[in-house]
Amino acid sequence: MSSGASANALQRLVEQLKLEAAVERIKVSQAAAELQQYCMQNACKDALLVGVPAGSNPFREPRSCALL
Amino acid sequence: MCDQTFLVNVFGSCDKCFKQRALRPVFKKSQQLSYCSTCAEIMATEGLHENETLASLKSEAESLKGKLEEERAKLHDVELHQVAERVEALGQFVMKTRRTLKGHGNKVLCMDWCKDKRRIVSSSQEHAVTMPCTWVMACAYAPSGCAIACGGLDNKCSVYPLTFDKNENMAAKKKSVAMHTNYLSACSFTNSDMQILTASGDGTCALWDVESGQLLQSFHGHGADVLCLDLAPSETGNTFVSGGCDKKAMVWDMRSGQCVQAFETHESDINSVRYYPSGDAFASGSDDATCRLYDLRADREVAIYSKESIIFGASSVDFSLSGRLLFAGYNDYTINVWDVLKGSRVSILFGHENRVSTLRVSPDGTAFCSGSWDHTLRVRDAFLFSCV
C-alpha cells in the first residue's frame with residue numbers, strides 16, 4: 001500500500017476512534033440488570049420458554065385423549 | 001465463511017492529471033475522487049499537516065485504541081452470569097420438530113419468516129430457472145408479506161412481488177434493486193416495503209430505495225467481506241449491526257452512514273448477528289465456535305457462549321421472544337440452546353443431517369425454523385405435556 005492511501009486511511013481511522021471513544025457508557029452491572037429485567041418481564045409471553053397451551057399452538061396436530 | 005476475495009481494478013482517467021491509469025479512491029474534504037497512484041502520493045504528502053507524519057498518525061491511532069479499551073474496562077465491574085446467579089435455572093428442555101419441509105433440491109442457505117407467522121421464504125443452491133445464479137445466499141420477506149428479496153453470487157439483490165396466480169411468471173416481474181461489486185451475503189427490508197438494507201462480500205453495506213433502485217446510503221468500515229446484518233427493533237431507532245470476515249461487529253447509524261460502535265473480540269469470521277429483543281444488546285455467532293453477547297450501552301462484550309466440546313463454527317443465531325434463550329445453529333449439524341443470562345447450555349438439538357446454515361425464531365415466538373445443507377427446513381417448538 002502506498003503512503004498516499006494509508007495516510008488517508010489512518011486519518012479516517014483516527015477520526016473514527018475519536019468518535020468511538022466519546023461514546024457514553026454505563027456500568028456492566030447496570031446493563032446486565034436491565035437485560036435480566038427484560039427477560040423476567042417477558043418470560044411469560046415466551047412460548048419457546050414456557051410452552052403454550054395445546055389449543056393455541058398453530059403447529060400442533062389436534063390430539064384427542066379418550067378416557068374409557 | 002468466505003472462500004474467495006475479488007480485487008476490483010478500476011482503470012480510467014485520473015481526476016488530477018487526466019492520464020489513463022489504474023485508479024484508487026481518495027477523499028479530499030469528504031469528496032471522493034479517483035486518482036492514479038502517483039497523484040495520490042503527491043496529495044498525501046501535501047495533505048499532511050506540518051508536524052504530522054505517518055508514524056505520528058499511527059501512534060495516535062494506537063493510543064486512541066488503548067484509551068477506548070481503558071474506558072470500557074473501567075465499567076467492567078461484574079459479569080452478566082454473576083448478576084444472573086439468583087435467577088431461577090431453566091428446567092429440562094424438550095423441543096419437538098413439528099414440520100420437516102422438503103422441497104429444495106439442494107443446500108438451504110437462508111430463510112425468513114413472513115409477519116403472518118404462517119409462511120416462510122427460503123433460498124438454496126439450486127439450478128432453478130428463475131434465478132440467474134446458482135448460489136442464492138440471502139433472502140428476506142417484505143413486512144407486508146407481498147414481496148420477497150433475494151440475491152447471492154449475482155452481486156445483486158432483486159425484489160420479486162409475490163403472486164399466488166399459477167399462471168404468472170414471478171421471474172418476469174423481478175426488479176433489480178441493489179448492485180454490489182461482490183456477492184450479496186445478507187439482505188433485509190427496513191420497516192417498510194420501500195427500502196432494503198444489503199451486506200456484501202465487497203466489504204460494504206448499503207441502503208437502497210426499492211422503487212427507483214437508488215443507493216440511499218452506503219456504509220464503509222469493514223476490512224473484509226460483510227457476512228450478516230440485523231436491523232434494530234423499531235422502537236430503538238435507526239441503527240443496524242453487521243458482522244464480517246474481519247472478525248468485527250459494527251453498529252451503524254442508518255441516516256448518517258457512520259459507524260457508531262465497533263467490537264472486535266471474536267477470533268474468526270462472524271457469520272450471524274441478531275439484536276436482543278429490547279434492542280440494548282446483540283448476539284453474534286462465529287467460525288471460532290463461540291457465540292457472544294455485546295451490550296450496546298456498556299459498549300462491550302458481556303457474555304461468551306462456548307464449550308470445549310463445541311469446535312465447529314456457529315452459522316446462525318436468534319433469540320427467543322423474551323431474550324432468555326439463544327438458539328444457535330452449528331456446522332456440526334446441531335443446534336445449541338443457550339441460557340443468555342447464565343451463560344450455560346440448556347439443550348442440544350439433533351435432527352439435521354448436515355450443517356445448519358440458517359435459523360430464525362417466528363415473529364410471535366411460538367416456534368423456530370432451521371435450514372440446513374441436508375436440503376430440509378425444520379420447524380420446532382417447545383413440547384408441553386398437556387391433558388386435552
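Is B:Lys74 buried or exposed? I looked this up in the predicted model and found B:Lys74 exposed, with a relative accessible area of 59%.

**Entry on helix α2 of chain B.** I then followed B:Lys74 to its partner and noted a salt bridge with B:Glu71, in which the closest N and O atoms are 3.1 Å apart. The two residues sit three apart in helix α2 of chain B, so about one helical turn separates them. B:Glu71 counts as partly exposed, at 24% relative accessibility.

**Entry on the contact between the chains.** I recorded 73 residues from chain B and 53 residues from chain A in the contact, with about 5400 Å² buried between the two chains, 66% of it on carbon and sulfur atoms. Three salt bridges are counted between chain B and chain A, and one of them joins the side chains of B:Arg297 and A:Glu34 at 2.6 Å, N to O. On the side of chain B that touches chain A, helix α2 (residues 54–74) gives the most, with 10 residues, and by class I noted 42 nonpolar, 11 polar and 20 charged residues on that side.

**Entry on a second pair across the contact.** I found B:Asp299 and A:Arg25 meeting in a salt bridge through their side chains, at 2.7 Å from N to O. B:Asp299 lies in the loop between β21 (291–295) and β22 (300–305) of chain B, while A:Arg25 lies in the loop between α1 (3–21) and α2 (28–42) of chain A. B:Asp299 counts as buried at 1% relative accessibility, and A:Arg25 counts as buried at 16%.

Technical notes:
Residues are numbered from 1 along each chain as its sequence is written. Chains are lettered from A and ligands numbered from 1 in the order in which they are written. This is a predicted model: local features need pLDDT of at least 70, side-chain atom pairs count only at pLDDT 80 or more; totals for chains, interfaces and linings use all residues. Side-chain values use heavy atoms; hydrogens and water are left out. Contact means heavy atoms within 4.5 Å. Buried area is the accessible area (1.4 Å probe) that two parts lose on being put together, summed over both. A salt bridge is a side-chain nitrogen of Lys or Arg within 4 Å of a carboxyl oxygen of Asp or Glu. Helices (H or I, at least four residues) and strands (E, at least two) are DSSP runs, numbered from the N terminus. Ala, Val, Leu, Ile, Met, Phe, Trp, Tyr, Cys and Pro count as nonpolar, Asp, Glu, Lys and Arg as charged, and the others, Gly among them, as polar. Buried means under 20% relative accessible area, exposed over 50%, partly exposed in between (1.4 Å probe, protein chains only).
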